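Colleague: I'd like a close look at one part of this model, the aromatic side chains and the helix packing around them. Could you walk me through it once the structure is up?

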Amino acid sequence: MTGCIELGHYEAIRNGVPLRYRIQTITPDLIDQVMDLMVTYFLSREPLTSHDEYLEDPVALEEIKVLWRDTMKAGAALVALEDTDDGSINVIGANMTVVTKKEKDGKIEEYECEKFNKLIVALVELSENGKLYEKYNVDKYLTAYGLTVHPNYHGYQIGYRLLEARKPLCKSLGVEASGTVFTAQVSQHIAAKIGFETLSQQLYKTCLYKGQLAYPNLDGDMK
């Protein structure tokens, strides 16, 4: 894991209540707290993991926790921390960002949990359809496996700032592009505001896994 990269300090007010926070890359001492945030608030709100009830499935839960832990250890994942008066650590948002490379993409590993396999296949196939490498003539880019903000801190533009922080993060890492499969309407809306362009999209109910519809009763789409 690389050292901490600081990416911005912010002040915001919601309903007259001020908040000071900063965005940086995740350091080893923050991994457990960020994991708790992602498990508690991402899995129950993200359409695909909520639909497949990851929180009630120990195997699926462990699979995605391994993915997140490996992502954080790679050193490019983002966290939003409240600047507290007493110096205590308060994790209020995170984005599981990581650099992916062309030679490694498209190789789908088989996991123990079918729910997790189904999710990975959907993300990989939509990413491949976007042809980001060809469009931007790059051999690597910054992607992500989940974005969440603690519900007590909604309204302070934390999600927006986490996505916006990818620009200086990419510059620091020597990466020229960032792209992600956004599966929730809120994150899709924020991404569009920042300037992300849609390269591919698909309705959940049309996704296939092993020749069968993966999410036939789920409304919405991935972009």
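Colleague: Let's start with Phe 42 and Trp 68: are they buried or exposed?

Modeller: Keep in mind that this is a predicted model. Phe 42 and Trp 68 are both buried. Their ring centres lie 5.6 Å apart with the planes at 80 degrees, and since anything over 60 counts as edge-to-face, so does this pair. Phe 42 belongs to helix α1 (residues 31-42) and Trp 68 to helix α3 (residues 58-73), so the pair ties together parts that are 26 residues apart in sequence.

Staying with α3, look at how it meets helix α4 (residues 114-130). The two pack at an angle of about 45 degrees, and their axes are 8 Å apart. That angle makes α3 oblique to α4. On the α3 side the contact uses Ala 60, Glu 63, Ile 64 and Leu 67, while α4 brings Lys 115, Phe 116 and Leu 119. Sorted by class, that contact of α3 with α4 has five nonpolar residues, two charged ones and no polar ones.

Back to the rings: the structure has four aromatic pairs in total. One of them is Tyr 10 with Tyr 21, a tilted pair at 5.4 Å centre to centre with 35 degrees between the planes. Tyr 10 sits in strand β1 (residues 6-14) and Tyr 21 in strand β2 (residues 17-25), eleven residues apart. Both of these tyrosines, Tyr 10 and Tyr 21, are buried.

There's also a charge to look at: Lys 135 has its charged end over the ring of Tyr 136, 5.7 Å from the ring centre.

Technical notes
Residues are numbered from 1 along each chain as its sequence is written. This is a predicted model: local features need pLDDT of at least 70, side-chain atom pairs count only at pLDDT 80 or more; totals for chains, interfaces and linings use all residues. Side-chain values use heavy atoms; hydrogens and water are left out. Rings of Phe, Tyr and Trp (its six-membered ring) pair if their centres lie within 6.5 Å; planes under 30 degrees apart count as stacked, over 60 as edge-to-face and the rest as tilted. Helices (H or I, at least four residues) and strands (E, at least two) are DSSP runs, numbered from the N terminus. Buried means under 20% relative accessible area, exposed over 50%, partly exposed in between (1.4 Å probe, protein chains only). A charge sits over a ring if NZ of Lys or CZ of Arg is within 6 Å of the ring centre and within 35 degrees of the ring normal. Axes are lines fitted to C-alpha atoms, for helices over the stretch in contact, and angles run from 0 to 180 degrees between N-to-C directions. Angles under 35 degrees count as roughly parallel, over 145 as roughly antiparallel, 65 to 115 as roughly perpendicular and the rest as oblique. Contact means heavy atoms within 4.5 Å. Ala, Val, Leu, Ile, Met, Phe, Trp, Tyr, Cys and Pro count as nonpolar, Asp, Glu, Lys and Arg as charged, and the others, Gly among them, as polar.
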